[in-house]
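Colleague: Thanks for making time for this one. Could you walk me through the model, a question at a time?

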Amino acid sequence: MQFSSRRKKFTTNSQAELYGEPLQFYGQPPLENISLTEFETFAVERLKLLKTIENLGVSYVKMSESYTKKLGTESKALNFLYRPEADDRKPQNGPTEQEKRRKDHISHFILRLAYCQTEDLRRWFIQQEVDLFRYRFNDLHPKQKLEFLHRNNLQYDRITVEEKKALNDKLVNSSYALSGITVVEQDVYKVPFQDALDLVRTRKVYLKAGYVYIPHQDIVTIVINDFRTRLSKALALTARSLPAVHSDERLQPLLNHLSHAYVGQDYSIQKNVGKISLEQIDSLSGKSFPLCMRQIHQSLRENHHLRHGGRMQYGLFLKGIGLSLEQALQFWRSEFIKGKVDADKFDKAYAYSVRHMFGKEGKRTDYTPYSCMKVILSNAPSQGDHHGCPFRHSDPELLKQKLQVYKVSPSGISQILELVKGMHYQLACQKYFEQTHNVEDASFSLNHPNQYFIESQKALGGGKEIKRETEAPQKPQEIPTGGPSAAPEAAANTQDEAEMTEDLDSFFQDA
């Protein structure tokens, strides 16, 4: 994306021509200047749209009536184009259709920059963009579809009426959408078979002498394959230019943030502070913790210690569900001193990081619990670690055994493993929620471990707030903040923890 004023005099006409069409292959990057605020707003709203597409693609049959209706509603809510007709009149509320097309164009290229960085990110981005493109192409009128093909040099030959009559029986037998009457009325295209491998593989078209004969309504498969190929190549080229983009200190934090971005509720605001007692944590871990937090808790209870990644992921989660600073210090101290860490060593090497999570040390930033995207995409666990996402980072066979131990039904395990195989990790966790809470369809899209906990409490308690068990008053404890004088390993833990945590809010303030 260019931010300079070069070729500015050509921008107005070319952009007006580009936004005059309801659909594009995103072959031409935007050339205009935009503010950083608009840059981030456009990107976040497109990311919300792509997340919706991912969730709908698993919950509904793609392109079904329910799927298209919900996607159209979401597009409208986020002010993206949701209908093919252009209307230059200024509506009473919201942007014009031209302005929506501009937003669509710019936001696509911003997310290209954010999602070209790794193979996993590229694969996810391509799949969601392809599904969005398919929805929009199918929404075009037949005349607009033909104009789009010609405009993008997809000018496949239409066979003549005589050819259609000669091939009538073969076309009807090979294409579900055709009958003897519709063959004559409908355009049929002669396309090289290598451009329609999906249709050939599923035996949906007539193949003869290296060409397939495709009815007009099935031409979408060809267009989708072309779009996928173009986008894949474009992302590879974009990845090569990343060093130049990252040299801009304004953009690098934004782009790194977007690829891990969480766009849901902010769980840093503790609404249940003090409503959870330390005695409740064990029972809550079995009933209301997502699998990632359940396995960390179990490891902590068994080993009486967690490495840095586990402490950060689990500590912020506990903070988000309502543990106060005093409770958190008591919780971690009581568990660590059961292992190889005595109270003095804990106070010197680990108490600082707990206080840091709550914004009482360092930059005094009130850090937020990790979102699913951050758990999945950042700081993958190594040997001896217990953090991360079990659906993303566990071996499928070990995951299966763990689900069996937690009494998930065989059919539920099969569904979860199938979602994991398709790299739908958050949806696999949502299926785990449905299995462990005995509900057929969760009424939410899971994006955050703390969201899982809240929804679990609603399901188990009929929407009521958590009730705190009666407990003896806790005596506040004075916590020394020294660290450098501790044992070398513990001192290194403290320093690494402080340095890593200091960097958190630079890129993942809402993650």
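Modeller: Happy to! One term before we start: contact means heavy atoms within 4.5 Å. Please also keep in mind that this is a predicted model.

Colleague: Good to know. Which residues does Tyr115 touch, not counting residues up to four places away in sequence?

Modeller: With the 4.5 Å heavy-atom cut-off, we leave aside residues up to four places away in sequence. What remains for Tyr115 is Leu47, Leu121, Arg122, Trp124, Phe125, Leu258, Ser259 and Met373.

Colleague: And which residues have the most contacts inside the largest nonpolar core?

Modeller: In soluble globular proteins, nonpolar side chains tend to be buried together. Here the largest nonpolar core has 63 residues, and its largest share, 9 residues, comes from α5. Those with the most contacts inside this core are Tyr115, Phe133, Phe137, Ile214 and Ile219.

Colleague: How many residues does the other core have?

Modeller: Another core lies apart from the largest one. Among its residues are Ala328, Tyr367, Ala428 and Phe444, and its size is 57 residues.

Colleague: Back to helix α5, then. Is Asp131 buried or exposed?

Modeller: Asp131 sits in helix α5, which spans residues 119–138. Buried means under 20% relative accessible area. Because its relative accessibility is 2%, Asp131 counts as buried.

Colleague: With which side chain does the side chain of Asp131 make a polar contact?

Modeller: Leaving out residues up to four places away in sequence, Asp131 touches Ile53, Lys62 and Tyr67. A polar contact, at 2.9 Å, joins the side chain of Asp131 to the side chain of Lys62.

Colleague: Last one: is Cys389 buried or exposed?

Modeller: Cys389 is in the loop between α20 (372–377) and α21 (390–393). Leaving aside neighbours within four places in sequence, Cys389 is in contact with Val375, Ile376, Ser394 and Tyr425. Its relative accessible area is 9%, so Cys389 is buried.

Methods. Residues are numbered from 1 along each chain as its sequence is written. This is a predicted model: local features need pLDDT of at least 70, side-chain atom pairs count only at pLDDT 80 or more; totals for chains, interfaces and linings use all residues. Side-chain values use heavy atoms; hydrogens and water are left out. Helices (H or I, at least four residues) and strands (E, at least two) are DSSP runs, numbered from the N terminus. Buried means under 20% relative accessible area, exposed over 50%, partly exposed in between (1.4 Å probe, protein chains only). A polar contact is a pair of N or O atoms within 3.5 Å; within protein, one must be able to donate a hydrogen and the other to accept it, and residues adjacent in sequence count only if both atoms are side-chain atoms. A nonpolar core is a set of buried Ala, Val, Leu, Ile, Met, Phe, Trp, Tyr and Cys residues joined through side-chain atoms within 4.5 Å.
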